[in-house]
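Me: I am new to this structure. Please take me through the words used for it, and hold each one against its cut-off.

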Amino acid sequence: MERGGSDIKFQLDLFREIIVDNFAGGGGASTGIELATGLNVDVAINHDPAAIAMHKANHPETEHYCESVWDINPREVVKGRKVGLCWLSPDCKHFSKAKGGKPVSQKIRGLAWIAIDWAIAVRPRVIMLENVEEFKTWGPLKKDSKGEWAPDPERKGMTFRSFKKSLEALGYEVDTRELKACDYGAPTTRKRLFLVARCDGEPIAWPEPTHGEPTEINVKMGLKKPYRTAGEIIDWSLPAPSIYRRDRPLSENTMTRIKRGIKKFVVEADKPYIVKNQAYFLQHYYTHLGDETRGSSLDEPVPTIPTANRFGLVSAFLTKYYGSDIGQTLNGPLHTITTRDRFGLVTVAGKDYKIVDIGMRMLQPHELFKAQGFPYEYIIDRDYKDNKYPKSQQVARCGNSVPPPFAEALVRANLPEMCVKKYEYKAVMS
């Protein structure tokens with residue numbers, strides 16, 4: 001056998017532990033793992049050709065399998081190599097409280113059992129599984145009074161407990177914990193349940209939060225960084241068109257919500273978020289909220305990002321206000337929103353401003369991916385063949401993704417021997 005570079009590399013790879021990303025999607029978990037290890041994940045598996053094509057664009061050195069996880073033979077995939085980490089992010093829509101409907105597919109609800117197949121076939125040293133918090137309620141279904149399948153409340157969590165016991169019976173130590181992405185440097189409050197299982201005798205480690213509320217004592221002492229905020233991910237080069245001059249007027253409900261948001265986050269806020277004489281806040285369009293304001297400040301992380309765009313950026317255009325300026329027309333923008341006197345007055349650092357117009361636009365996919373914690377250079381709008389993705393697909397892939405800081409923190413905590421030195425970088429959004 002020739003001792004050429006490729007032959008030597010293949011021989012060395014046989015002795016190196018590999019990393020497998022099941023349900024790889026657009027590459028959130030893979031990206032976080034690579035930020036920790038400095039290497040492309042070795043194997044990525046997903047049934048969706050579009051997701052695999054996007055994954056290839058960002059992870060070109062990975063072995064890609066565009067197949068159902070049920071059809072994969074782990075032994076054939078690993079080719080005799082040892083598996084250091086097997087990551088799984090099974091479909092969560094049949095557990096999520098945001099789904100709205102009832103579960104219809106036992107096969108989708110049972111995707112997590114793939115972890116057992118991998119544990120039996122190739123015994124990964126560490127298994128990590130990510131899902132919504134409600135995954136702990138995984139249990140048998142039964143038909144309700146309408147003849148539709150629904151979770152059996154009397155056996156809530158039974159299947160989840162059996163799943164954990166199956167891993168333990170195979171010699172794995174198993175632990176679970178709920179983590180928030182903003183605690184590890186992502187500008188989103190997304191919360192997820194993580195299960196970590198390992199069979200190498202080492203203890204399971206949970207990463208210590210690196211970020212916290214600005215008022216937290218550890219943040220004030222410099223032991224943690226303050227939460228990253230929505231303001232960091234905004235592309236300030238994009239205009240927010242006036243809500244009064246649109247080809248298609250906004251609905252009455254939307255105008256009412258914007259009015260309430262202006263009142264709460266601009267007029268009555270102690271410190272409104274102002275950039276170049278414009279005050280901003282995020283408008284939420286979640287259908288399942290009872291909160292009438294449905295908004296949040298840009299001084300805090302973005303709420304959980306769903307698979308459809310639910311965030312609008314609202315801006316109040318400000319101009320300096322003088323006490324003698326009382327001649328505003330009664331049919332101007334301010335009085336369209338409210339009839340309350342002085343509603344349009346905003347005081348910032350002791351100076352009075354008047355709202356002269358209001359703008360609104362939806363957040364764009366590249367902003368949402370930044371909120372999820374993806375690197376600035378991550379490719380989201382095309383695949384490796386340069387085929388373009390519509391915005392709806394970009395947003396859906398973002399909502400389904402694992403925030404990379406989650407995966408990086410977990411891998412660094414549990415597999416430090418596979419990781420490179422962590423470094424900080426800054427990038428300017430173009």
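Reply: A salt bridge is a side-chain nitrogen of Lys or Arg within 4 Å of a carboxyl oxygen of Asp or Glu. A search of the whole structure finds 21 salt bridges. The model is predicted, so local features need pLDDT of at least 70, side-chain atom pairs count only at pLDDT 80 or more, and totals for chains, interfaces and linings use all residues. Residues are numbered from 1 along each chain as its sequence is written, and side-chain values use heavy atoms, with hydrogens and water left out.

Me: What makes Asp42 and Arg16 a salt bridge?
Reply: Their closest N and O atoms are 2.5 Å apart. The limit is 4 Å, so the pair qualifies. The two sit in distant parts of the chain, 26 residues apart. Asp42 is in the loop between α2 (28–37) and β2, and Arg16 is in the loop between α1 (5–15) and β1. Helices (H or I, at least four residues) and strands (E, at least two) are DSSP runs, numbered from the N terminus.

Me: Why is Asp42 called buried?
Reply: Buried means under 20% relative accessible area, exposed means over 50%, and partly exposed lies in between (1.4 Å probe, protein chains only). Asp42 has 10%, so Asp42 is buried.

Me: Why is Glu63 called partly exposed?
Reply: Its relative accessible area is 26%, so Glu63 falls between 20% and 50%. Glu63 is found in strand β3 (residues 63–65). Contact means heavy atoms within 4.5 Å. Leaving aside neighbours within four places in sequence, Glu63 is in contact with Asp42, Val43, Ala44, Val77, Lys79 and Arg81.

Me: What makes a set of residues a nonpolar core?
Reply: The set must be buried Ala, Val, Leu, Ile, Met, Phe, Trp, Tyr and Cys residues joined through side-chain atoms within 4.5 Å. The largest such core here has 35 residues. Those with the most contacts inside it include Ile45, Leu88, Trp118 and Tyr172. The largest share of this core, six residues, comes from α6. Apart from it lies another core, of 26 residues, among them Ile19, Ala29, Ile33 and Ala181.

Me: Why is α6 called largely enclosed?
Reply: Six of its eight residues are buried, so the rest of the structure largely encloses α6. The buried ones are Ile114, Ala115, Ile116, Trp118, Ala119 and Ala121. They pack against β1, β2, α4, β4, β5 and α7. After α6 comes Arg123, whose phi is positive, near 45°.

Me: How do you know that the span of α9 is close to the expected one?
Reply: The expected span of a helix is 1.5 Å times one less than its number of residues. Helix α9 (residues 252–267) has 16 residues, and the expected value is 22 Å. From first C-alpha to last, α9 reaches 21 Å. Its buried residues include Thr254, Arg257, Ile258 and Phe265. Among the elements that cover them are β13 (278–284) and β15 (311–320).

Me: What makes Ile217, Met221 and Leu223 a patch?
Reply: Patches are made of residues with over 30% relative accessible area and no salt bridge; like charges are joined within 9 Å, nonpolar side chains (Val, Leu, Ile, Met, Phe, Trp, Tyr) within 5 Å. Ile217, Met221 and Leu223 form a nonpolar patch on the surface, with about 350 Å² of accessible area together (Shrake-Rupley method, 1.4 Å probe; for residues, only the protein chains shown count as cover). Met221 has 57% relative accessibility, so Met221 counts as exposed. Its place is in the loop between α8 (217–220) and β11 (225–226).
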